[in-house]
Amino acid sequence: MKTSLFIITLMLASAFAIPARASAETGKVWEIEATKGQTFVVKGEKKPVITAKAGEEITLRITAHKGTAQAKDGAVHGFVIKSLADQGWNIRLKEGTQEVTLKAPDKPGEYVIECNVPCGPSHAEQKMKLVVTP
Ligand SMILES: [Cu+2]
């Protein structure tokens with residue numbers, strides 16, 4: 001009886017503790033859509049812009065929909081900051097949703113995020129922005 005009470009207490013404690021810890025570690029989760037019309041849309045924002053503090057970890061939940069073309073490896077869009085491609089900012093997007101946690105650059109400024117998978121007629125204009133604040 002004592003043991004089961006202990007287990008219940010433990011379960012309750014972890015149910016509250018885990019979400020709090022996750023949000024403290026990863027910060028805001030940005031929901032982004034790479035559309036079949038070859039644009040990026042950020043949920044809740046009028047413009048396709050995400051923001052982060054320098055060096056902060058941010059989580060991106062990206063949903064991709066195929067345009068009119070896709071890469072041989074199955075990627076339907078890409079999500080790349082060219083100058084940060086070697087630091088994880090180079091994601092191949094397959095159809096569906098994936099979540100990635102990335103570190104914002106240490107240097108404040110504006111970074112262009114672009115698609116690097118030929119995905120349709122508007123591919124060249126498929127861009128969005130990461131704004132890094134001090
Ligand atoms: Cu593209």
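Colleague: Which residues is F79 in contact with, once its neighbours within four places in sequence are left aside?

Modeller: Contacts are read here from C-beta atoms that lie within 7 Å of each other, and in this predicted model F79 is in contact with A34, I62, I91, L93 and I113.

Colleague: Which residues touch the most other members of the largest nonpolar core?

Modeller: That core has 19 residues, and F79 belongs to the group that touches the most other members, together with A34, V76, L93 and V117. The elements that contribute two or more residues to this core are β1, β3 (49-53), β4, β6 (90-93) and β9 (127-133).

Colleague: What is the order of the strands in the open sheet?

Modeller: The open sheet has four strands in the order β2-β1-β4-β7, and their pairing is mixed. Its edge strands are β2 and β7 (96-103), each of which pairs on one side only, and neighbouring strands are turned against each other by 25 degrees on average when direction is ignored.

Colleague: Is A75 buried or exposed?

Modeller: A residue counts as buried if 20 or more other C-beta atoms lie within 10 Å of its own, and A75 is buried because it has 20 such atoms within 10 Å. A75 is found in the loop between β4 (57-64) and β5 (77-80), where, apart from neighbours within four places in sequence, it is in contact with Q70, R92, L93, K94 and V117. The C-alpha atoms of A75 and N116 are separated by 9.9 Å, although the two residues are 41 residues apart along the chain.

Colleague: How does Q70 count, with 19 C-beta neighbours inside 10 Å, and which residues does Q70 touch?

Modeller: Q70, which also lies in the loop between β4 and β5, counts as partly exposed because it has 19 C-beta neighbours inside 10 Å. Not counting residues up to four places away in sequence, Q70 touches A75, V76, V117 and C119, and its C-alpha atom is separated by 8.2 Å from that of G120, 50 residues apart along the chain.

Colleague: What is the phi of Q38?

Modeller: As a general idea, most residues other than glycine have a negative phi. Q38 is not a glycine, yet its phi is positive, at about 65 degrees. Q38 has its place in the loop between β1 (29-34) and β2 (40-42), and Q38 is buried, with 23 other C-beta atoms within 10 Å.

Conventions
Residues numbered from 1 in each chain as written. Predicted model: local features only at pLDDT ≥ 70, side-chain atom pairs only at ≥ 80, totals over all residues. Buried ≥ 20, exposed ≤ 12 C-beta atoms within 10 Å, placed from the backbone. Contact = placed C-beta atoms within 7 Å. Core = buried A, V, L, I, M, F, W, Y, C linked by C-beta atoms within 7 Å. Pairing = 2+ DSSP bridges. Axes fitted to C-alpha atoms, helices over the stretch in contact; angles between N-to-C directions.
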